[in-house]
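Hello,

Here is the structure I promised to pass on. Please have a look at it first, and then read my notes below.

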Amino acid sequence: MTTVQEKALAISKEHHGKIEIRSKVAINSMADLSVAYTPGVAAVCTEIANNKASVYEYTSKRNLVAVITDGSAVLGLGNIGPEAAIPVMEGKAILFKQFADVDAIPLSLNTQDTDELVSHIAALAPSFGGINLEDISAPRCFEVERRLKEILDIPVFHDDQHGTAIVVLAALYNALQVAGKSITSAKVVINGGGAAGLAIADMLLSAGVKNLKVVDRVGILSESDTSLPPHHMAMAKKTNREKQTGTLEDAVKGADVFIGVSAPNVLKKEWVSTMAEKSIIFAMANPTPEIFPEDAKAAGAFIVGTGRSDYPNQINNVLAFPGIFRGALDARAKDITLEMQLAAAKGLASIIPKEKLSPENILPNAFEPNVAKVVAESVRNAANK
């Protein structure tokens with residue numbers, strides 16, 4: 001039986017990648033050529049030179065996103081470099097097109113220097129209506145995104161951070177509803193202090209979570225630990241108000257929610273049994289989660305989600321980023337604000353009717369036709385407020 005990996009290799013080799021560029025206009029004669037290119041194109045150039053904003057009307061910029069990486073944090077493969085990252089960027093580009101009719105260009109940059117990344121991406125920006133940063137390692141990714149947001153007038157969105165956080169929040173809204181729990185009283189533990197984990201923490205705090213702890217390799221992040229790096233210390237000051245120290249085992253005792261963006265098999269069955277009744281577990285390490293759903297359920301978990309498509313409740317960024325960019329591009333937004341992200345999460349959560357919510361059904365399937373549409377509308381409405 002052919003594996004998914006073997007199929008991926010075969011299809012990529014057969015087609016030499018997953019994307020191509022096609023013309024929107026016919027070029028079948030010299031007359032066509034004179035309109036699409038010279039001399040006709042000079043009129044379009046002059047129009048834009050006289051009114052720079054008209055670039056959105058006369059070029060593909062209005063629907064074009066750059067998917068950009070430095071190859072430093074590719075999937076679960078780590079720092080494999082820009083060439084090896086291209087297949088993921090191509091995959092992201094076809095998801096943009098498939099789910100939201102957004103045109104996307106994959107770009108792998110041959111630098112992992114923060115200053116160079118910022119300057120290179122900023123130099124590319126005039127061609128695009130938005131920038132999707134992808135698979136850039138923490139903490140560098142935080143500064144790259146922050147600085148680009150400051151200098152560019154188009155949306156800049158690090159999907160590993162915010163796309164993940166939006167889908168997690170949507171899943172949490174519905175899971176808490178099924179479990180009969182409140183977001184303001186739920187005790188939440190996030191395992192993983194990288195880009196995704198810290199973004200999820202910020203998103204949950206903004207959504208009303210009050211009792212939150214983040215656990216990393218050093219243990220529970222606490223501001224009493226003066227050895228923490230700056231990005232972890234900043235998070236410790238916003239979370240873990242009890243200043244608890246210890247391990248993941250200590251953190252999950254009595255917790256209502258476990259969110260894993262970390263490593264395989266780090267959550268033990270015996271620890272799950274110490275969590276609160278009707279506990280919620282989002283074990284998103286991929287392909288091997290922090291705990292497999294059958295083990296979590298056997299230990300007493302009520303709702304379990306993973307990043308995998310072969311289990312219920314797949315928590316996948318594809319539910320968010322196509323619609324987010326569709327909405328931002330349509331609104332001609334200059335940024336994807338926190339309000340737009342929270343609106344996206346609420347919109348995504350609303351797709352499943354209350355009467356159809358269940359422990360095995362807290363998120364829609366990526367192929368449900370209205371997912372990107374609802375997310376885009378939510379983002380667009382928030383942008384226009």
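**Notes on the model**

Asp101 counts as partly exposed, because its relative accessibility is 45% (buried means under 20% relative accessible area, exposed over 50%, and partly exposed in between, with a 1.4 Å probe and protein chains only). Before going on, a word on the source: this is a predicted model, in which local features need pLDDT of at least 70 and side-chain atom pairs count only at pLDDT 80 or more, while totals for chains, interfaces and linings use all residues. Residues are numbered from 1 along each chain as its sequence is written, and side-chain values use heavy atoms, with hydrogens and water left out.

**Backbone details**

Back to Asp101: this residue is not a glycine, yet has a positive phi of about 55°. Its place is the loop between α5 (82–100) and β2. (Helices, H or I and at least four residues, and strands, E and at least two, are DSSP runs numbered from the N terminus.) Asp135 also has a positive phi, near 55°, without being a glycine. This one sits in the loop between β3 and α7, and counts as buried because its relative accessibility is 4%.

That loop between β3 (130–133) and α7 (140–151) also holds Pro139, and the peptide bond leading from Ala138 to Pro139 is cis, with omega near 0°. Another cis bond runs from Asn286 to Pro287, with omega near 5°; Pro287 belongs to the loop between β9 and α13.

**The two sheets**

You will find an open sheet of 4 strands with parallel pairing, in the order β2-β1-β3-β4. (Two strands pair if DSSP finds at least two bridges between them.) Its edge strands, each pairing on one side only, are β2 (103–108) and β4 (156–158). From one strand to the next, the twist averages 20°. (Axes are lines fitted to C-alpha atoms, for helices over the stretch in contact, and angles run from 0 to 180 degrees between N-to-C directions.) Within this sheet, β1 (residues 64–69) is joined to β2 by 6 bridges in the parallel sense, and Val65 has Ala104 of β2 as its bridge partner.

There is also an open sheet of 6 strands, with mixed pairing and the order β7-β6-β5-β8-β9-β10. At its edges stand β7 (219–220) and β10, each with a single partner strand, so one side of each has no neighbour in the sheet. Helix α8 packs on this sheet and touches β8 (257–260), β9 (280–283) and β10, its direction making about 155° with that of β9. (Contact means heavy atoms within 4.5 Å.) Helix α9 packs on the sheet as well, touching β5, β6 and β8, and its direction makes about 160° with that of β5.

Strand β5 (residues 187–191) is mostly covered, with 4 of its 5 residues buried. It pairs with β6 (residues 211–216) in the parallel sense over 5 bridges, and Asn191 stands opposite Val215 in β6.

**Cores and helix packing**

Which residues have the most contacts inside the largest nonpolar core? They are Ile259 and Phe282, in a core of 72 residues. (A nonpolar core is a set of buried Ala, Val, Leu, Ile, Met, Phe, Trp, Tyr and Cys residues joined through side-chain atoms within 4.5 Å.) Helix α8 (residues 159–179) gives the largest share of this core, 11 residues. Not counting residues up to four places away in sequence, Phe282 touches, among others, Val168, Leu172, Phe258, Ile259 and Ile315. Another core lies apart from it and has 22 residues, including Leu117, Ile121, Ile136 and Ile154.

Helix α9 (residues 195–207) also packs against α15 (residues 338–350), at an angle of about 85° and with the axes 11 Å apart. That makes α9 roughly perpendicular to α15 (under 35 degrees counts as roughly parallel, over 145 as roughly antiparallel, 65 to 115 as roughly perpendicular and the rest as oblique). Met203, Ser206 and Ala207 of α9 meet Leu338, Gln341 and Leu342 of α15 in this contact.

**One more residue**

Finally, Ala301 is in the loop between α13 (293–298) and β10 (303–306), and counts as buried because its relative accessibility is 7%. Leaving aside neighbours within four places in sequence, Ala301 is in contact with Val272, Ser279, Ile281 and Ala296.

Best wishes
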